[in-house]
Amino acid sequence: MEVISIELSTFEELLTSFNSFVTKMKEMASRGNDKGFGDWLDNQDVCQMLNISPRTLQTLRDNGTLAYSQINRKVYYKPEDVKRILYVVAGRDKNSKMCNLKTSRL
């Protein structure tokens, strides 16, 4: 084992710097927690909310209808973005049912 000796003033300065670093890291971590990342929805949640298939959800992402964020291969959606397109998806279902009714009468 190797022993290194330093002056007390140098040790105290190093300790002060380290404590300052720890404080800054805790502040940064608490800011990240305040943003509500726990409120984000994943693919399964959105498919259940909108009553759509995963392929339809992919199409909504591809054509820019639904905003998303991707971390590695996992996709997340803000709840307010999903609520915003709720009427679009509901309107599409009504229109498709109306088309089916019209064609079934012919």
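Predicted model: local features only at pLDDT ≥ 70, side-chain atom pairs only at ≥ 80, totals over all residues.
D81 touches L66 and A67, leaving aside residues up to four places away in sequence. D81 sits in helix α4, residues 79–84, and is buried because its relative accessible area is 17%, below the 20% cut-off. Between D81 and A67 there are 6.6 Å in space, C-alpha to C-alpha, against a separation of 14 residues in sequence.

**Chain overview**

- The chain holds 5 helices and 2 strands, arranged along the sequence as α-α-α-β-β-α-α.
- Of its 106 residues, 16% count as buried.
- Among contacts in the chain with a separation of 6 or more, 48% join residues 24 or more positions apart.

**Confidence**

- The average pLDDT of the chain is 83, and 80% of the residues score at least 70.
- Over residues 97–106 the pLDDT stays under 50. For this stretch the model has 0 contacts beyond four places in sequence.

**Packing of α2 against α3**

- Two packed helices are described by the angle between their axes and the distance between the axes.
- For helix α2 (residues 43–50) and α3, the angle is about 100 degrees and the axes are 10 Å apart.
- The two helices α2 and α3 are therefore roughly perpendicular to each other, since angles of 65 to 115 degrees fall in that class.
- On the α2 side the contact is made by N43, V46, C47 and L50, and on the α3 side by P54, L57, L60 and R61.
- By class, the contact of α2 with α3 comprises 6 nonpolar residues, 1 polar residue and 1 charged residue.

**Faces of α2**

- The buried residues V46, C47 and L50 belong to α2. They lie on the same side of α2 because they cover an arc of only 100 degrees around the axis.

**Faces of α3**

- In helix α3 (residues 54–62), L57, L60 and R61 are buried. Their directions span an arc of only 100 degrees around the axis, so they are on the same side of α3.
- R55 and D62 are exposed, on the face of α3 turned away from its buried side.

**Positive phi values**

- Most residues other than glycine have a negative phi.
- N51 is not a glycine, yet has a positive phi of about 55 degrees. This residue comes just after α2, in the loop between α2 and α3.
- N51 counts as exposed because its relative accessibility is 68%, over the 50% cut-off.
- N72, also a residue other than glycine, has a positive phi near 55 degrees. Its place is the loop between β1 (69–71) and β2 (74–76).
- N72 counts as exposed because its relative accessibility is 72%.
- G64 follows α3 and has a positive phi, near 85 degrees.

Note on methods. Residues numbered from 1 in each chain as written. Heavy atoms only, no water. Buried < 20%, exposed > 50% of the residue type's maximum accessible area, 1.4 Å probe, protein only. Helix = DSSP H or I, 4+ residues; strand = E, 2+ residues; numbered from the N terminus. Arc of directions from axis to C-beta. pLDDT = per-residue confidence, 0-100. Contact = heavy atoms within 4.5 Å. Axes fitted to C-alpha atoms, helices over the stretch in contact; angles between N-to-C directions. Parallel < 35°, antiparallel > 145°, perpendicular 65-115°, else oblique. Nonpolar A, V, L, I, M, F, W, Y, C, P; charged D, E, K, R; others polar.
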